Amino acid sequence: MNRRSHFQRLLLLAASTTVIAGGAVLPSSAMAAMAAPHTATVTTSASDHDAHRQHGSPASAKQWVETTDAVSGIKFRLPGKPEVVHFTQAVDGMNGRLYKVRTDNGVIVFAVFDLPSAQGELDDALRGLVDGYNAGTQSPQHKLSSTDVHKITTHGRPGLDARLSAPDGAAGSARLIAGDAHFIEIISLSPKGKEKPMHETYQQLLASVRNPHTHAPRAD
């Protein structure tokens, strides 16, 4: 199996894990067919720095948790203690960690894959993400599509931003970043009517990212 097929398969696994996490987005029939990866440990520390923003904001409901991906050293904040899924070279074809949190407004995911120089595969990654998610759904009403796809530069590294939506009103966002040593995937999904607070949570997560492999102070 070549590098690209490894990469696409891992994105399929990550998307399927997102389906499992997204019970608030999809009905219980949306289950992944792939085996569940191993659970991993994560270093976290609770912080209420963002927990007292405007009343009713996503962060006001619970403490944000500062999380560090131990392998890459990347730090970020999530709206709660994440469940962590660990991908391995032996089982999945690549090493990686996926951090997911379910909130009252949907699900948010931050994933780090140990894959250097993947900038040429951003479009493939987005297709793999959408296809993997849709493989776990049973109704066309729940199938995602990507829109407003555009290239970005974050911390001097190439990336891709996209909006996600489904006919049933589910909506979300995705950011993919191809670093020198790691590939980052950030996803948010919410059911109809929860798009605004979930998007605010997503924006707070983007603003919290600290990558030791770059010199910029924060993600754009």
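Among the elements of the protein chain, which has the lowest mean pLDDT and which the highest? Strand β1 (residues 38-39) has the lowest, at 39, and strand β4 (residues 75-78) has the highest, at 96. Here pLDDT is the predictor's confidence in each residue, from 0 to 100, and helices (H or I, at least four residues) and strands (E, at least two) are DSSP runs, numbered from the N terminus. This is a predicted model, in which local features need pLDDT of at least 70 and side-chain atom pairs count only at pLDDT 80 or more, while totals for chains, interfaces and linings use all residues. Residues are numbered from 1 along each chain as its sequence is written, and side-chain values use heavy atoms, with hydrogens and water left out.

For the protein chain the mean pLDDT is 74, and 67% of its residues reach 70 or more. Over residues 20-61 the pLDDT is below 50, yet this stretch has 90 contacts in the model beyond near neighbours in sequence; a contact means heavy atoms within 4.5 Å. Residues 216-220 also stay under 50 in pLDDT, and the model gives them 18 contacts beyond four places in sequence.

Consider next the strand pairs, where two strands pair if DSSP finds at least two bridges between them. Strand β3 (residues 64-68) runs antiparallel to β4, joined by four bridges. Val 65 has Leu 78 in β4 as its bridge partner. β3 and β4 form a hairpin with six residues between them, and Gly 73 in the turn has a positive phi of about 80 degrees.

Thr 147 stands opposite Arg 163 in β9. This hairpin of β8 and β9 has two residues between the strands, and His 155 in the turn has a positive phi of about 55 degrees. Asp 148 lies in β8 and has a phi near 50 degrees, a positive value in a residue other than glycine. Most residues other than glycine have a negative phi. Asp 148 is exposed, with a relative accessible area of 53%; exposed means over 50% relative accessible area, buried under 20% and partly exposed in between (1.4 Å probe, protein chains only).

Turning to the helices, α3 (residues 122-135) has 14 residues and reaches 20 Å from its first C-alpha to its last, close to the 20 Å expected at 1.5 Å a residue. The expected span is 1.5 Å times one less than the number of residues. Ten of the 14 residues of α3 are buried, including Leu 122, Leu 126 and Tyr 133.

Pro 197 is found in α4 and is partly exposed, with a relative accessible area of 21%. The C-alpha atoms of Pro 197 and Asn 105 are separated by 6.8 Å, although these residues are 92 residues apart along the chain.

Finally, a search of the whole structure finds four cavities of 30 Å³ or more. On a 1 Å grid over the protein atoms alone, a cavity is a set of points where a 1.4 Å probe fits but cannot get out, and lining residues have an atom within 4 Å of a point. Grid points are joined across faces, edges and corners, and a volume is the space filled by probe spheres set on the points. The second largest cavity has a volume of about 50 Å³. Among the residues that line it are Arg 163, Glu 195 and Met 198. The elements giving two or more residues to this lining are β10 (171-178), β11 (183-190) and α4.

Note on methods
1 Å grid on protein atoms, 1.4 Å probe; cavity = no way out; pocket = protein on both sides within 12 Å on 5 of 7 lines; lining within 4 Å.
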